[in-house]
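Please look over the sequence and the model shown below before reading on.

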Amino acid sequence: GRPVLSLSSGMVVSWPSMTTANWVLESAGTVDATTRIMVTNTPVTVNGQSSVTVDGSATQQYFRMRYVP
């Protein structure tokens with residue numbers, strides 16, 4: 001299934017590193033947005049978790065993983 005995302009202080013988004021192949025992280029300003037932006041930050045893998053630090057200046061952001069075959 002879809003990787004489970006975790007958020008922590010400093011706006012770090014992380015997911016299990018074993019699920020990174022063919023998945024891209026996307027963000028949007030609303031949960032029902034029809035347009036999402038691919039997060040282009042390069043993930044860093046530590047202790048089995050891939051993570052990126054994202055801009056935390058937005059009042060709200062929604063993230064999802066999208067499978068790209």
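Is T19 buried or exposed? T19 is buried, with a relative accessible area of 18%, where buried means under 20% relative accessible area, exposed means over 50%, and partly exposed covers the values in between, computed with a 1.4 Å probe and protein chains only. This residue sits in the loop between β2 and β3, and its C-alpha lies 9.5 Å from that of Q49, although T19 and Q49 are 30 residues apart in sequence.

This is a predicted model, in which local features need pLDDT of at least 70 and side-chain atom pairs count only at pLDDT 80 or more, while totals for chains, interfaces and linings use all residues. Residues are numbered from 1 along each chain as its sequence is written, and side-chain values use heavy atoms, with hydrogens and water left out.

The secondary structure comprises zero helices and seven strands, with helices (H or I, at least four residues) and strands (E, at least two) taken as DSSP runs and numbered from the N terminus. For 69 residues a compact globule would have a radius of gyration near 11 Å, and the protein's value of 12 Å agrees with this; the radius is taken over C-alpha atoms, and the globule rule is 2.2 Å times the number of residues to the power 0.38. The C-alpha trace spans about 30 × 30 × 20 Å along its principal axes, and buried residues make up 26% of the 69 residues. Of the contacts (heavy atoms within 4.5 Å) with a separation of 6 or more, 60% are between residues 24 or more positions apart.

Turning to the sheet, three strands form an open, antiparallel arrangement in the order β4-β3-β7, where two strands pair if DSSP finds at least two bridges between them. β4 (37-38) and β7 stand at the edges with a single partner strand each, so one side of each is left without a neighbour in the sheet. β3 is joined to β7 by six bridges, and among the facing residues L25 has M65 as its bridge partner, while V24 has R66. Towards β4, β3 pairs over two bridges, and S27 stands opposite I37. All six of the six residues of β3 are buried, with W23, L25 and S27 covered on one side and V24, E26 and A28 on the other.

Which residues make up the largest nonpolar core? V13, W15, W23, L25, V39, V52, V54, F63 and M65 do, nine residues in all, a nonpolar core being a set of buried Ala, Val, Leu, Ile, Met, Phe, Trp, Tyr and Cys residues joined through side-chain atoms within 4.5 Å. The elements that give two or more residues to this core are β2 (12-16), β3 (23-28) and β7 (62-67).

A search of the whole structure finds one aromatic pair. The rings of W23 and Y67 have their centres 5.3 Å apart and their planes at 65°, so the pair is edge-to-face; rings of Phe, Tyr and Trp (its six-membered ring) pair if their centres lie within 6.5 Å, and planes under 30 degrees apart count as stacked, over 60 as edge-to-face and the rest as tilted. W23 lies in strand β3 and Y67 in strand β7, so the pair ties together parts that are 44 residues apart in sequence. Y67 is partly exposed, with a relative accessible area of 43%, whereas W23 is buried.
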